[in-house]
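Here's a quick walk through how the pieces of this fold sit against one another. Have the structure open as you read.

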Amino acid sequence: MKKIGFIGAGNMATAIIKGLIAQNGNACFINAYDVSNEKLSEIAALGVNALGSSEEIVNKSDIIVLAVKPQNYPEVLDSLKGVVNTGKTFVSIAAGISIGYVQKALECDCPVVRVMPNTPLLLKKGASALCPSENISNEDRQIVYDMFAGSGVCEYITEEHMNEIIAVNGSSPAYIYLFAKAMADYAVSVGIEYDKAMNLICATLEGSAAMLRESGDSPETLIQKVSSKGGTTIEALNKLNERGFAEAIKEAMQACTKRAEELGK
């Protein structure tokens, strides 16, 4: 069985590791390193092999997941140049970091899979976009796909759209949380208990997602089915349109993409 190593043991790495353990029944094939001894101890408690450096992760692993922030990539990749070879496959989960960036920084034409996951991966409800380099083996491509598919939905995306997809699935949970908060804040302002309102809001979000996925109707049709002429929903939609709701979402997503491009430079 191939060894999978993690450089960085934060929340996202931990979620992926827990998914791997659930799929395989053990953690003996997983290596991890983090500059934080506390995080490393927490991950070791899952049965993962805690190693002493990023270089050791590369030496003892076949597939290496770079689970550090984009700002830390230059330092981490520079430290690995002396130990990499084309037999190692790297997985990048950082916003804005391209396949070419990783290969250039490593000074090695090693296979790379660029992935944009999201935090619901922590609950096995993730949505991950993947883009493998052309020189990856079919075996490694499948291993990486399964790594994320075990904790949610996966879609292959061409690299030309990997910065844009961040706004679609990577950052978008935050927009939805903001929407839910605004709804709950309104409920509280009119005297409805927060917990009761949030319970109804969460169920509504889950049900709406199920309708989008399973009803066969387009979003436009579903909107029409909720809206009655002269009714309450139309009044709410009119106010959202008046305030430029859809345009604001689009502008927010464009800003997200722009920042991803900046991080990759």
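## Helices H8 and H9

Start with helix H8 (residues 172–189) and helix H9 (residues 194–214), whose axes come within 9 Å and cross at roughly 140°. The crossing of H8 and H9 is right-handed. Keep in mind that this is a predicted model.

Who does the touching? On the H8 side, look for Ile 176, Ala 180, Met 183, Ala 184, Ala 187 and Val 188. Facing them from H9 are Tyr 194, Ala 197, Met 198, Ile 201 and Leu 205. Sorted by class, the contact between H8 and H9 comes out as 11 nonpolar residues, with no polar and no charged ones.

## Helices H7 and H12

Next up is helix H7 (residues 162–170) with helix H12 (residues 245–263): their axes come within 8 Å and cross at roughly 135°. H7 and H12 are therefore oblique to each other, and their crossing is right-handed.

H7 brings Asn 163, Glu 164, Ile 166, Ala 167 and Val 168 to this contact, while H12 supplies Met 253, Cys 256, Thr 257, Ala 260 and Glu 261. Which classes of residue make up the contact of H7 with H12? There are 6 nonpolar, 2 polar and 2 charged residues in it.

## The sheet

Now for the strands. The model has an open sheet of 8 strands, running in the order E3-E2-E1-E4-E5-E6-E7-E8 with mixed pairing. At the edges you'll find strand E3 (49–50) and strand E8 (152–156), each pairing on one side only. As a reminder, strands of a sheet pair through backbone hydrogen bonds, either parallel or antiparallel.

Two of the pairings are worth a look. Strand E1 (residues 4–7) and strand E4 (residues 63–66) pair in the parallel sense over 4 bridges, and Phe 6 stands opposite Val 65 in E4. Helix H4 (residues 73–80) packs on the sheet, where it touches E1, E4 and strand E5 (89–92). The direction of H4 makes about 155° with that of E4.

The other pairing is between strand E7 (residues 126–132) and E8, parallel again, over 5 bridges. Within it, Ala 129 has Glu 155 of E8 as its bridge partner. To get from E7 to E8 the chain goes through helix H6 (residues 138–149), and this β-α-β crossover is right-handed.

## Helices H4 and H5

Back to H4, which has a helix partner too. The axes of H4 and helix H5 (residues 99–106) come within 8 Å and cross at roughly 45°. H4 and H5 are therefore oblique to each other.

From H4, the contact uses Tyr 73, Pro 74, Leu 77 and Leu 80. H5 answers with Tyr 101, Val 102, Ala 105 and Leu 106. By class, the contact of H4 with H5 has 8 nonpolar residues, no polar ones and no charged ones.

Methods:
Residues are numbered from 1 along each chain as its sequence is written. This is a predicted model: local features need pLDDT of at least 70, side-chain atom pairs count only at pLDDT 80 or more; totals for chains, interfaces and linings use all residues. Side-chain values use heavy atoms; hydrogens and water are left out. Two strands pair if DSSP finds at least two bridges between them. Helices (H or I, at least four residues) and strands (E, at least two) are DSSP runs, numbered from the N terminus. Contact means heavy atoms within 4.5 Å. Axes are lines fitted to C-alpha atoms, for helices over the stretch in contact, and angles run from 0 to 180 degrees between N-to-C directions. Angles under 35 degrees count as roughly parallel, over 145 as roughly antiparallel, 65 to 115 as roughly perpendicular and the rest as oblique. Ala, Val, Leu, Ile, Met, Phe, Trp, Tyr, Cys and Pro count as nonpolar, Asp, Glu, Lys and Arg as charged, and the others, Gly among them, as polar. A crossing is left-handed if the near helix is turned anticlockwise from the far one by less than a right angle, and right-handed if clockwise. A crossover is right-handed if, with the strands pointing away from the viewer, the path from the first strand over the helix to the second runs clockwise.
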